[in-house]
Amino acid sequence: MSKTDICVLKQEEFFRPGEHVQIQLSNEFPDYVGVIHQHKFIEVVYILSGTATHYISGKTSPVKRGDLFIINMDTPHAFMPDESNPEDFVAYDLMFTPEFFDQSLTGENALEALNDSFMFYSLFRGKQRYQPYFSVSGSNYTLFGELFHKIYLEHRARDVGYLEIIRAYLLQLIITIFRLDEASGTKSGADPNRQIIAYLMDYIGKNYHRKISIQELADRVYLSRDYLTRFFRDATGQTVTAMVQKIRIENVCRLLSTTDLTIHEIATSCGFEDMKFFYSVFKKHMQLLPGDYRRQTRCRRAKEEE
């Protein structure tokens with residue numbers, strides 16, 4: 001089947017205006033059962049009854065009651081019901097975008113976007129960055145079924161605060177999946193403190209070019225500013241500010257060595273707004289000025305190429 005033959009499901013076809021979450025039963029939209037499709041949102045599928053074959057990423061696997069799948073955006077897949085089974089194939093389809101949890105992820109629709117939210121950092125660590133899907137097999141009904149049922153009822157009733165309740169239930173669902181995955185031995189256990197530091201280092205590494213405050217980092221890992229300050233220093237031996245400066249200077253050095261950008265352009269692109277302060281920090285870290293560093297590295301490279 002060519003890519004043009006694959007049905008593409010868009011958010012506006014299923015989601016209510018202004019919402020970033022939708023849940024339905026597969027038999028409420030039978031036209032999409034057994035049809036290979038992909039979507040512009042994350043989908044969590046939980047099998048309620050019947051059996052089927054799941055086609056995804058060039059693989060096929062049998063599915064049954066209690067199986068759960070998290071399917072990334074732009075991943076062609078289909079559940080083909082087993083016609084020989086007298087029990088109808090029925091599944092919950094829970095769809096959402098990352099911004100349902102974190103407004104900073106607005107416009108992002110893929111699983112990898114959730115790596116930018118500490119809330120989901122643990123779940124997806126160690127997975128390939130563009131993972132097409134994630135699954136948990138053999139769970140009993142009550143483990144996930146009750147959560148899906150609660151989300152379904154909240155979404156239908158639309159009582160005051162229903163989106164906040166759905167968000168809480170979905171977070172509980174994701175954490176439960178994480179715990180099951182840990183218990184199954186598919187992931188090695190990790191020290192939560194190390195996870196926090198790993199997340200913060202990853203976040204700083206992606207955002208060093210702009211202003212980063214300690215309060216911003218504290219908010220992202222749900223800690224107080226004072227606690228994060230002490231925690232980070234104890235864990236890394238450096239203050240948050242010192243670590244941000246270190247990462248910025250490392251990137252300044254990289255650009256001095258590999259580009260012809262001016263020193264001012266490099267400094268501002270790495271998050272330094274005050275040039276006097278930049279020169280002071282650079283000399284403290286490298287024991288020489290940026291221009292001298294650039295000349296030395298270029299001379300060294302020229303000698304190596306001779």
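Visitor: Before anything else, what does buried mean here?
Guide: A residue is buried when its relative accessible area is under 20%, and exposed when that area is over 50%, with partly exposed in between. The model is a predicted one. F272 has a relative accessibility of 3%, so F272 counts as buried.

Visitor: How much of the chain is buried?
Guide: Of the 306 residues in the chain, 47% are buried.

Visitor: And how many helices and strands are there?
Guide: The chain contains 11 helices and 10 strands. Taking contacts between residues at least 6 apart in sequence, 68% join residues that are at least 24 apart.

Visitor: Let us turn to the rings. How many aromatic pairs are there?
Guide: There are 16 aromatic pairs in the structure. One of them is formed by Y92 and Y152, a tilted pair with 5.7 Å from centre to centre and 55° between the planes.

Visitor: Which parts of the chain does that pair tie together?
Guide: Y92 belongs to strand β9 (residues 90-96) and Y152 to helix α3 (residues 141-157), so the pair ties together parts that lie 60 residues apart in sequence.

Visitor: Are Y92 and Y152 buried or exposed?
Guide: Both Y92 and Y152 are buried.

Visitor: Back to F272, then. How are the rings of F272 and F277 arranged?
Guide: The ring centres of F272 and F277 are 6.4 Å apart and the planes stand at 50°, so this pair is tilted. Whereas F272 is buried at 3%, F277 has a relative accessible area of 41% and is therefore partly exposed.

Visitor: Which residues are in the cluster?
Guide: F272, F277, F278, Y279, F282 and Y293 are linked into a cluster by ring pairs.

Visitor: What about charges over rings? Which ring does R248 sit over?
Guide: R248 has its charged end over the ring of F272, at 5.9 Å from the ring centre. Elsewhere, the charged end of R167 sits over the ring of F100, 4.5 Å from the centre of that ring.

Visitor: Next, the helices. At what angle do α8 and α10 cross?
Guide: Helix α8 (residues 240-258) and helix α10 (residues 275-286) cross at roughly 90°, and their axes come within 10 Å.

Visitor: Which residues make the contact?
Guide: From α8 the contact uses Q245, K246, I249, V252, C253 and L256, and from α10 it uses F277, F278, V281, F282, H285 and M286. Sorted by class, the contact of α8 with α10 has nine nonpolar, two polar and one charged residues.

Visitor: A last topic: the backbone. What is phi of Q287?
Guide: Phi of Q287 is near 60°, a positive value in a residue other than glycine. As a rule, most residues other than glycine have a negative phi. Q287 is in the loop between α10 and α11 (290-305). With a relative accessible area of 59%, Q287 is exposed.

Visitor: And where is R158?
Guide: R158 is in the loop between α3 and α4 (162-183). The phi of R158 is also positive, near 55°. R158 counts as partly exposed, at 47% relative accessibility.

How values were computed
Residues are numbered from 1 along each chain as its sequence is written. This is a predicted model: local features need pLDDT of at least 70, side-chain atom pairs count only at pLDDT 80 or more; totals for chains, interfaces and linings use all residues. Side-chain values use heavy atoms; hydrogens and water are left out. Rings of Phe, Tyr and Trp (its six-membered ring) pair if their centres lie within 6.5 Å; planes under 30 degrees apart count as stacked, over 60 as edge-to-face and the rest as tilted. Helices (H or I, at least four residues) and strands (E, at least two) are DSSP runs, numbered from the N terminus. Buried means under 20% relative accessible area, exposed over 50%, partly exposed in between (1.4 Å probe, protein chains only). A charge sits over a ring if NZ of Lys or CZ of Arg is within 6 Å of the ring centre and within 35 degrees of the ring normal. Axes are lines fitted to C-alpha atoms, for helices over the stretch in contact, and angles run from 0 to 180 degrees between N-to-C directions. Contact means heavy atoms within 4.5 Å. Ala, Val, Leu, Ile, Met, Phe, Trp, Tyr, Cys and Pro count as nonpolar, Asp, Glu, Lys and Arg as charged, and the others, Gly among them, as polar.
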